[in-house]
Amino acid sequence: MTDLEQFRRATRAWLLENCPPSQRTTVAKQDVVWPGRNQTFPSEDARLWFERMRDKGWTCPTFPAEYGGGGLDEAQEKVLREEMQDLGCRPPVIDQGISMLGPALLEFGNEAQKAYHIPKIVRGELRWCQGYSEPGAGSDLASLQTKCEPFDDHFLVNGSKIWTSYGVESDWIFCLVRTSNEGAKQAGISFLLIDMESPGVKAESIDLISGESEFAQVFFDNVKVPKENLVGEINQGWAVAKGLLKHERKMMAELGTGFAGGDLSLAKIAEQQFGRDAAGQIDQPEIRLAIADYEMNMRAIALTGQRSHEEAQAGQMDRNVPLIMKYVGTTAVQTRDELAMDIQGYRSAGWHDENFSVSELRTARDLLFNKALTIAGGTNEIQLNIIAKRALGLPDAPAPDKEER
Amino acid sequence: MSLVFTEEQSLLQESALEYFAQHLPTSRFRDIRDAKGVVSCDAGAWQQMVDLGWSAMLLPASIDGLEFGLLGMGLLVTEAGKTLAATPLSGAATLSVEALLSCAESPARNQLLREIAEGTTMPAFAIGPASLLASDLKSLDGGLEFVAEARGADSLIALLADDSAARVVVVDLNSPEVQRTAVNLIDWRDYAHLQFDNMVIAEDHSFGANEGAAARLESVGAAMTAAELFGLSQEVFDRTIAYLCEREQFGRKIGSFQALQHRMAKAYAQLQLLKSVLYDALTALEQQRDDVDLAVSHAKVLANDTAQLIGNEGIQLHGGMGITDELDIGLFYKRIRVLRSAYGSSAQHRANFAKLSGL
């Protein structure tokens, strides 16, 4: 038996022993475990599961063991992911510190920053959010204006960030701030970590069309930030942000395909709505073929993910193929949401009413919330620009600014 | 591993690229069309492919075959598509061979397979109804329509099936008992209607095929068509990108216009999806996987629709030049239009996918 097979056996045995049965079911939004200063748990089992994974460092499986991480290599991490998937284990915790900041700090942070922040991320002691976009800087991110001025032992930050996921609930925020107006606008940006308990920080939630308010606007009014919170060199923050963006896009694409499974398949919903004809087919030909198209698209996306993975393993990686995944994955999810509403008609359009089932009520909310998928993490239009430029080598549009988010 | 090429397959692809560029480039398609009015594979080119071993790719090692598999054959057909090369790779080296391999092993069967591998015969292939066979199975009466490569071929291997049984028969197309009527399609390729007049089948040229042979041959045909459509799409895509990087209007390369960039980026995404689905379908056929019918129907729908999208964009983005005979884009486009109907339309395969998915 190879080491990896041995690891797989041991991992599976450990998961079976340590993951409570209640944590091996589909995770709804209210079941998610978040980290934080004032962490709460949706259930005792969720706490147990989180604590066991945390103590093994498997909240961050690939982070180095010296910082409390799991210390797994890529192959082992894949085994862990596969076994968790196979057993239906929920993620023990979800956090942008784990998925985005941590990997960036490991790459760009200094030793003191890693020693201080990484263990806290692994242990879920702080909840992180991302401060990138501003009211005047969306797709054109590099034009951001949140001002950061150096003083003796601290920076003074003034400005505002928007579309900050979980900005109200988070403890710390990693931000892009303007430290210089000289030269190219990308060259005056720095990457700063800010404790949201600092005086002068205020987060206000934004009400969305879905009725939810996961995004916030964060205001900075003369906020003092210690100089040791600067990640990388001053005015070199754009490089850190670009490194981090890889992780964000990967997460967005996975999020997309993760949602796409849904609680009920489109086939099931259509069967309930239209019944089946004598030949056993869903008794609404147009919907039936529309679902077939959707399923073909999802299958093509999954196979492309698999091909890309196999190519990487065989050392034949085509770096351009992953560029399409966010675009095709997020649009597929939206197609699904639209079909689900079309199939159920009025029953899917309930806003809040006890006459509707939970899954009926979710249909419209999912559609409205998932509108964010093609906008967040770089809009799909920007993504198409990137494909045109990097994969196809088409000439630059004569815009004043060539760098795009 | 199934969706990436092995080293051997990559080498095969390289030699295919080289072969078609050198011996059967698009300019050769044009030359033959202008001289003869129909583009069919000639014996000389077939012999070159035989020498490269391509005719023996699917044969078992027991009869000196290479056992290279359908993914390898698919990539040859894809490369042929890129230069509009007319080849018997699909009809003779793949479908005819697969049809014979669906019959019980016998000296006569093995002899025919060897003849194909050695290039001493260049058969066309067709699937037809069992009703063409007389009740004693000894003669053929009736017609087959739109048989590809039937004018250039010297023999026909036909799989004749109904719901209960399937037979593979091999007949000489130069016999006076068969009438070949040329059919000229927009792609200038070799098609004919065949009419059999109580044509006697040689005793050792008739074989019982195994159950499911007709379904498998339909699938292999659809997958090979999808492979050619992938090559056509890739070529039109590459030529269009090159044109966008070269053509100037309003003082700039037209490829710098975002409206056009986004259209090509979407086409690129579609092409990448097709590549994955096609390789999966060929692998499914090669490994005789349970979900092979679903995988192939998916591949044919996506190949049809991707080729249509890219063919349309190719013409449109070449502007007026796109509709001239001077440019090759129109030649690719016409081949695409024909292949969309070969071995099942999008509508048929979409319906099949839906059925197999329990929809």
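**Exercise 1. How many salt bridges link chain A and chain B?**

Solution. Start with the count: three salt bridges run between chain A and chain B. The rule asks for a side-chain nitrogen of Lys or Arg within 4 Å of a carboxyl oxygen of Asp or Glu. For one case, look at Arg299(A) and Asp291(B), whose side chains meet in a salt bridge at 4.0 Å, N to O.

A word on the model before going on. This is a predicted model, in which local features need pLDDT of at least 70 and side-chain atom pairs count only at pLDDT 80 or more, while totals for chains, interfaces and linings use all residues. Residues are numbered from 1 along each chain as its sequence is written, chains are lettered from A and ligands numbered from 1 in the order in which they are written, and side-chain values use heavy atoms, with hydrogens and water left out.

**Exercise 2. Describe the interface between chain A and chain B****.**

Solution. Step one is to count residues: 44 of chain A are in contact with 42 of chain B, where contact means heavy atoms within 4.5 Å.

Step two is the area. About 3,500 Å² is buried between the two chains, and carbon and sulfur atoms give 66% of this. Buried area here is the accessible area (1.4 Å probe) that two parts lose on being put together, summed over both. In chain A, Met296(A), Arg299(A) and Arg307(A) lose the most area to chain B, together 19% of what that side buries.

**Exercise 3. Which helix gives the most residues to the side of chain A that touches chain B?**

Solution. Helices are DSSP runs (H or I, at least four residues), numbered from the N terminus. Then pick the top contributor, α8(A), with 18 residues.

**Exercise 4. Is Arg90(A) buried or exposed?**

Solution. Find Arg90(A) in the loop between α3 (74-87) and α4 (96-108) of chain A. Its relative accessibility is 10%, so Arg90(A) counts as buried; buried means under 20% relative accessible area, exposed over 50%, and partly exposed in between (1.4 Å probe, protein chains only). Finally, look at what Arg90(A) touches, not counting residues up to four places away in sequence: the list includes Asp31(A), Trp49(A) and Met84(A).

How values were computed
Helices (H or I, at least four residues) and strands (E, at least two) are DSSP runs, numbered from the N terminus.
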